[in-house]
Amino acid sequence: MSASTIHVSLLRSSRSSPPTTPRLVPSGPGLARFRCSATGQTGFFTRLGRLIKEKAKSDVDSLFSGFSKTRENLAVIDELLLYWNLSDTDRVLDELEEALLVSDFGPKISIKIVESLRSDILAGKLKTGSEIKDALKKSVLQLLTSKGSKTDLQLGYRKPAVIMVVGVNGGGKTTSLGKLAYRLKNEGVKVLMAAGDTFRAAASDQLEVWAERTGSEIVIAEGEKAKAPSVLSQAVKRGKEQGYDIVLCDTSGRLHTNYGLMEELIACKKAIARAMPGAPNEILLVLDGTTGLNMLPQAREFNEIVGVTGFILTKLDGSARGGCVVSVVDELGIPVKFVGVGEGLDDLQPFDPEAFVNAILS
């Protein structure tokens, strides 16, 4: 019997366990340990962040293909600037502003960028189409880096680091958590998942599939009376006792306007902190990129309730709205940590601002 078959058998046979008791489900063969030359745990997470950043730079091709629709939407800028001349300044800049708006950069940012370009053109600082294009890219990059520079995971110095993933229904939260586990496992990290989505009937099953696919372990609770804070607390305690590197905590999807469910997130955060002071290290909000600027009210509410530390933007491969990345960072001052640019396991990419700008304005 294969390892995966044994895993599925274990999952099914354990259904008879007490309904509200969290349980640990082993997955896959022996786990590879992360090898690090640094002696302290600070060195472990520092090197992990560096490896993920290096991986992001090597995945530029994936990022380019993922943002192809946004790039096509902004291709008109190259056409506008190809035969640039000063007498056409107003017309060209108006059309450039429209291209930015269509790509969901938002009115405030689009006007800010265009007026900056206009000022530099009239001052004689920008004289050719290529110089204007370079200035445009520089302006977008500055917006991303001035307020959202900490794009790498901030995991503290103690193991396990705890990452809590939150978001509305249907945004790709559980899938993003699974893909994040896959990326971390590929770096040799020992990952424990916590199935804190106790509202959706199939949520635990979905996360169990991801645990099997990634060779991670998972703590789940069965029964209608299972409470998310209890599941997450038990997972963090297990992570401490058994030497896990990172605990990934899933939570139930919820509308940001449902204040009762939003209050439960506070309980989840407090339960994690009681199990391990200082945790969670990261609270990542998953936002559906196809909603464009409509994601901003969600981001404001989640941030106000639990203090979001970073964003995961999903479904950007099927949208021409990549400019929403800039809008959300500029308005809230919270960095984007990862972007989803496809359906594959590798398509949750660490966010690199410079690579992003080159991808949409190549």
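**Charges, burial and backbone**

Reply: Happy to! Asp330 is buried, with a relative accessible area of 6%. Buried stands for under 20% relative accessible area, exposed for over 50% and partly exposed for in between, with a 1.4 Å probe and protein chains only.

Me: Before we go on, where do the numbers come from?

Reply: This is a predicted model, where local features need pLDDT of at least 70, side-chain atom pairs count only at pLDDT 80 or more, and totals for chains, interfaces and linings use all residues. Residues are numbered from 1 along each chain as its sequence is written, and side-chain values use heavy atoms, with hydrogens and water left out.

Me: Thanks! Which residue does Asp330 form a salt bridge with?

Reply: Its partner is Lys147, and the closest N and O atoms are 3.6 Å apart. Asp330 belongs to helix H14 and Lys147 to helix H8, so the pair ties together parts that are 183 residues apart in sequence. Helices here are DSSP runs of H or I with at least four residues, strands are runs of E with at least two, and both are numbered from the N terminus. A salt bridge is counted when a side-chain nitrogen of Lys or Arg is within 4 Å of a carboxyl oxygen of Asp or Glu.

Me: And Lys147, is that buried, exposed or partly exposed?

Reply: Lys147 counts as partly exposed, at 39% relative accessibility.

Me: How many residues of helix H14 are buried?

Reply: 7 of the 9 residues of helix H14 (residues 324-332) are buried, so this helix is largely enclosed by the rest of the structure. Among them are Cys324, Ser327 and Asp330.

Me: What does Lys159 pair with?

Reply: Lys159 forms a salt bridge with Asp245, where the closest N and O atoms are 3.4 Å apart. Lys159 sits in the loop between H8 and S2, and Asp245 in the loop between H11 and strand S5 (246-251), 86 residues away. Lys159 is partly exposed at 29% relative accessibility, and Asp245 is buried at 2%. There is also a network in which salt bridges that share partners join Asp88, Arg91 and Glu95.

Me: Let's switch to the backbone. Which residue is joined to Lys159 by a cis peptide bond?

Reply: That would be Pro160, with omega about -5 degrees. Pro160 is in the loop between helix H8 (129-147) and strand S2 (161-167). The peptide bond from Ala279 to Pro280 is also cis, with omega near 0 degrees. Pro280 is in the loop between H12 and strand S6 (282-288). For background, most peptide bonds are trans, and most residues other than glycine have a negative phi.

Me: What is phi near for Asp104?

Reply: It is near 65 degrees, a positive value in a residue other than glycine. Asp104 is in the loop between helix H6 (89-102) and helix H7 (107-122), and counts as buried at 11% relative accessibility.

Me: Now the surface. Which residues gather in the patch of positive charge?

Reply: Arg158, Lys237, Lys240, Lys270 and Arg274 do. Helix H11 (228-241) and helix H12 (259-275) are the elements that give two or more residues to the positive patch. Arg274 lies in helix H12 and counts as exposed at 65% relative accessibility.

Me: What makes a patch here?

Reply: Patches are made of residues with over 30% relative accessible area and no salt bridge, with like charges joined within 9 Å and nonpolar side chains (Val, Leu, Ile, Met, Phe, Trp, Tyr) within 5 Å. Lys and Arg count as positive and Asp and Glu as negative, leaving out His and the chain ends.

Definitions and conventions:
Areas by Shrake-Rupley, 256 points an atom, 1.4 Å probe, with all protein chains shown as cover. Charge placed at Lys NZ, Arg CZ, Asp CG, Glu CD.
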